Amino acid sequence: MQPGPHRLVEMAHIAREHFINDVPMVELAARTGMSRFRVARLISEAREFGVLRISVGAPQALGRDDVAELQRRYGLRDVHCVTLPDSGVDADGLRDALGREAAAYLETSVREGEVLGFASGRTLAAIPKHLRALPQCDVVQLTGLAGPPGETAGDLVRTASAISGGTPSSLYVPLIASDSEAAAMLRRQTGVAETLERMGEVTRAVLAVGSWNPVVSQLADSITADEAGGLIASGVRADIAASLFDATGGRVPALESRTIAISFDQLRRVPEIMVVAGGAEKHAALRAVLSAGFVTTLVTDRASALALLAGPREA
């Protein structure tokens, strides 16, 4: 029988403390008031139900020195690198692997009472099918709707809040409006205004990265080809939560007045910001976003991590 959400959260917490933070089972028992046998049973169940996933000697793993250099260079606290088959994977397989890694991280790091925020992104859409448990926490949609049904931030917020048992705050409006007046009108709608207000309470944001050269971006796809081309010509190379950046991580405010999303000022005040992105098409965009210096946790693949270390190759 599948254990309930509370039991899954217990498994994740005990497994993380024991395997990641090196806390002995005897000490865990003392800290939690559990018996040693219960602690051991939770670890065993974590393996059985897939909460604990162990990989030994994975050839795709990133070396400790490389992780330390990524942290130093981009001001990151955590770096998680997915393990891929030797034969590689296609774009869908990579997104699935990144979504699985992001889900595992959320299961073991989120604490009760946090307020989670999710933006749009094809990669983020892979998280829900791997997300088994979360402690009770509210979930806020950080960007308006973009992308096909099943891949929007709204879908992710509904799924995550159902798992956590928290209150969802959604945005049933498009990511970008036709002009600034239309955007202002949408922001004044009661439900939208309430969600925008809640964005200031977010403690942990989960974000994807959009690339503008080449174009792999839901935001770029939401405007005309001429508009996108003009922004690319002006130097735009990446977007994250509807904020635009040039190749060096400088912010480009061109679409701010038309987007319905968390503002950059709000975003950079969020204590924990996790970016989930990978693949060759995202290398330049990922470097641009990380260079802005506000991301705290990176979930990516080994090739992308090595490209970040190799230095810029902007055309």
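Residues are numbered from 1 along each chain as its sequence is written, and side-chain values use heavy atoms, leaving out hydrogens and water. In this prediction, local features need pLDDT of at least 70 and side-chain atom pairs count only at pLDDT 80 or more, while totals for chains, interfaces and linings use all residues.

**Exercise 1.** Find the partners of strand 11 and describe how the chain reaches strand 12.

*Solution.* 
Step 1: Look for pairing, which takes at least two DSSP bridges between two strands. Strand 5 (residues 204-207) pairs with strand 11 in the parallel sense over four bridges, with V206 opposite M274.
Step 2: Strand 12 (residues 297-301) also runs parallel to strand 11, joined by three bridges, and V276 stands opposite V299.
Step 3: Follow the chain from strand 11 through helix 12 to strand 12: this β-α-β crossover is right-handed, that is, clockwise from the first strand over the helix to the second with the strands pointing away from the viewer.

**Exercise 2.** Which strands form the open sheet of five, and in what order?

*Solution.* 
Step 1: The order is 7-6-8-9-10, with antiparallel pairing.
Step 2: At the edges, strand 7 (215-216) and strand 10 (251-252) each pair on one side only.
Step 3: Strand 9 (residues 243-246) is joined to strand 10 by two bridges, and L244 stands opposite V252.
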